[in-house]
Amino acid sequence: MDPYPAPPVPDLQWPHVLLSLAFVGVNSLISWSLHLHVGVSLVIAAGRCMIQLTVVATVLQRVFATKNSITVAGIAGTFLLVGRGQQLLRVWRCLDPQVGLQLC
């Protein structure tokens with residue numbers, strides 16, 4: 001018997017996603033009624049976030065189901081590289097072989 005039981009894992013389902021979308025919709029309506037003009041961008045950002053997280057969750061679920069540590073490490077490295085890609089490109093552009101790293 002384990003001395004420390006595993007903490008409960010939250011069970012997130014599509015009704016939870018719909019509830020969060022309802023909150024985004026309410027905020028968008030408030031933005032529209034107050035003429036703040038951020039409602040459309042808020043809805044677009046929420047939609048993009050939902051699609052991206054669904055894709056990432058699907059990919060990670062299948063990767064972790066393989067129980068292959070090399071595959072998991074490769075996917076984790078890929079996500080880190082993609083997440084830091086813009087910063088790496090910025091540093092790469094600022095490198096000058098003659099001078100070294102300079103401020104851009």
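Helix α2 (39-66) gives the most to the lining of the largest pocket, with 8 residues; helices here are DSSP runs of H or I with at least four residues, numbered from the N terminus. The model is a predicted one, in which local features need pLDDT of at least 70 and side-chain atom pairs pLDDT 80 or more, while totals for chains, interfaces and linings use all residues. Residues are numbered from 1 along each chain as its sequence is written, and side-chain values use heavy atoms, with hydrogens and water left out.

The largest pocket has a volume of about 530 Å³, taken as the space filled by probe spheres set on grid points joined across faces, edges and corners. A pocket is an open set of points on a 1 Å grid over the protein atoms alone where a 1.4 Å probe fits, with protein on both sides within 12 Å along at least five of seven lines, and lining residues have an atom within 4 Å of a point. Of its 16 lining residues, Trp 14, Val 17, Leu 53, Thr 54 and Ala 57 lie nearest the centre. By class, the lining has 10 nonpolar, 6 polar and no charged residues, where Ala, Val, Leu, Ile, Met, Phe, Trp, Tyr, Cys and Pro count as nonpolar, Asp, Glu, Lys and Arg as charged, and the others, Gly among them, as polar.

Two loops are worth a look. His 35, in the loop between α1 and α2, has a positive phi near 55 degrees. Lys 67, in the loop between α2 and α3 (69-83), likewise has a positive phi near 55 degrees.
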